Amino acid sequence: RGNVVHRMRFSKTVRTAAFSPCAKFLAVDQGRRVEVWRAPSAATRFSPLVMVARLNGHHGRVGTLTWGAGSTTLITASDDMTLCVHRIKANGMRRSAPAVLAGHREAVVAVLHVHDAGSIEGLGGAFDDALKLEDDAIYSVARDAAVYVWAPQKKTPDEKGGAPW
């Protein structure tokens with residue numbers, strides 16, 4: 001049986017929330033923004049949830065979000081038909097303004113960040129041949145069932161820095 005670590009009331013209704021893969025952070029939607037909290041642990045006794053960042057970038061309500069495998073990327077999707085790629089520091093703070101991915105014609109309802117396509121187990125049969133996932137790509141699905149694949153820009157050896165999105 002589990003233990004209740006902390007109960008908290010957020011200022012707005014929570015539609016989506018996700019723990020980072022490193023389990024240090026909890027991202028929670030709060031309308032058009034996302035709040036990143038330092039995740040509670042069983043050892044924490046006083047004020048276990050501490051907000052470390054407020055992430056903006058959407059004009060509509062955030063409907064879904066997902067973390068990158070290294071807990072350094074948080075991707076949010078919204079009713080405004082966009083995705084925001086937020087770069088996160090090790091302490092949970094935002095690195096820079098988010099990269100905005102636009103193109104959907106309806107609200108985005110699901111998002112997946114694939115880091116290593118070879119590590120995803122296939123569905124078997126014809127699905128394995130038809131489903132060729134790209135490494136380090138973002139897949140998004142809109143309400144109208146349109147699926148978009150967002151691949152990072154490839155850098156040449158003489159290009160340095162900058163976000164790939």
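**Ground rules**

I number residues from 1 along each chain as its sequence is written, and I take side-chain values from heavy atoms, with hydrogens and water left out. The model is predicted, and I kept to its confidence limits: local features need pLDDT of at least 70, side-chain atom pairs count only at pLDDT 80 or more, and totals for chains, interfaces and linings use all residues.

**Overall make-up**

Read along the sequence, the elements follow the pattern β-β-β-β-β-β-β-β-β-α-β-β.

I then turned to burial, for which I call a residue buried under 20% relative accessible area, exposed over 50% and partly exposed in between (1.4 Å probe, protein chains only). Of the 165 residues in the protein, 38% are buried. The accessible surface comes to about 10100 Å², and carbon and sulfur atoms account for 51% of that surface; the areas come from the Shrake-Rupley method with a 1.4 Å probe, and for residues only the protein chains shown count as cover.

For contacts I used heavy atoms within 4.5 Å. Among contacts between residues at least 6 apart in sequence, 45% join residues at least 24 apart.

I count two strands as paired if DSSP finds at least two bridges between them. S5 and S6 run antiparallel and are joined by five bridges, and in this pairing Trp67 stands opposite Leu74 in S6. The hairpin of S5 and S6 has five residues between the strands, and Ser71 there takes a positive phi near 60°.

On its way to strand S7 (residues 82-87), S6 again pairs in the antiparallel sense, over five bridges, with Ala77 opposite Leu83 in S7. The hairpin of S6 and S7 has three residues between the strands, and Met81 in the turn has a positive phi of about 70°.

**The sheet S9-S10-S11**

I found an open sheet of three strands in the order S9-S10-S11, with antiparallel pairing. Strand S9 (108-114) and strand S11 (147-150) stand at the edges with a single partner strand each, so one side of each is left without a neighbour in the sheet. The twist averages 20° from one strand to the next, the axes being lines fitted to C-alpha atoms, for helices over the stretch in contact, and angles running from 0 to 180 degrees between N-to-C directions. Strand S10 (residues 137-142) is joined to S11 by four bridges, and Val147 in S11 is the bridge partner of Val141.

I checked Val108, which lies in strand S9 and is buried at a relative accessible area of 2%. Leaving aside neighbours within four places in sequence, the contacts of Val108 include Thr64, Ala77, Met81, Leu83 and Val141. The C-alpha atoms of Val108 and Gly63 are separated by 7.4 Å, although the two residues are 45 residues apart along the chain.

Thr16 sits in the segment before strand S1 (17-19) and is buried, with a relative accessible area of 12%. Not counting residues up to four places away in sequence, Thr16 touches residues including Ala27, Val28, Asp29, Gly63 and Leu65.

**Aromatic pairs and cysteines**

I found three aromatic pairs in the structure, taking rings of Phe, Tyr and Trp (its six-membered ring) as paired if their centres lie within 6.5 Å, and calling planes under 30 degrees apart stacked, over 60 edge-to-face and the rest tilted. One of the pairs, Phe25 and Trp67, is stacked, at 6.3 Å centre to centre with 20° between the planes. Phe25 lies in strand S2 (residues 25-30) and Trp67 in strand S5 (residues 62-67), so the pair ties together parts that are 42 residues apart in sequence. Phe25 is buried at 3% relative accessibility, and Trp67 is buried at 7%.

Lastly I searched the whole structure for disulfides, meaning pairs of cysteine sulfur atoms within 2.5 Å, and found zero. Cys84 is buried at 0% relative accessibility, whereas Cys22 is partly exposed at 36%.

Note on methods. Helices (H or I, at least four residues) and strands (E, at least two) are DSSP runs, numbered from the N terminus.
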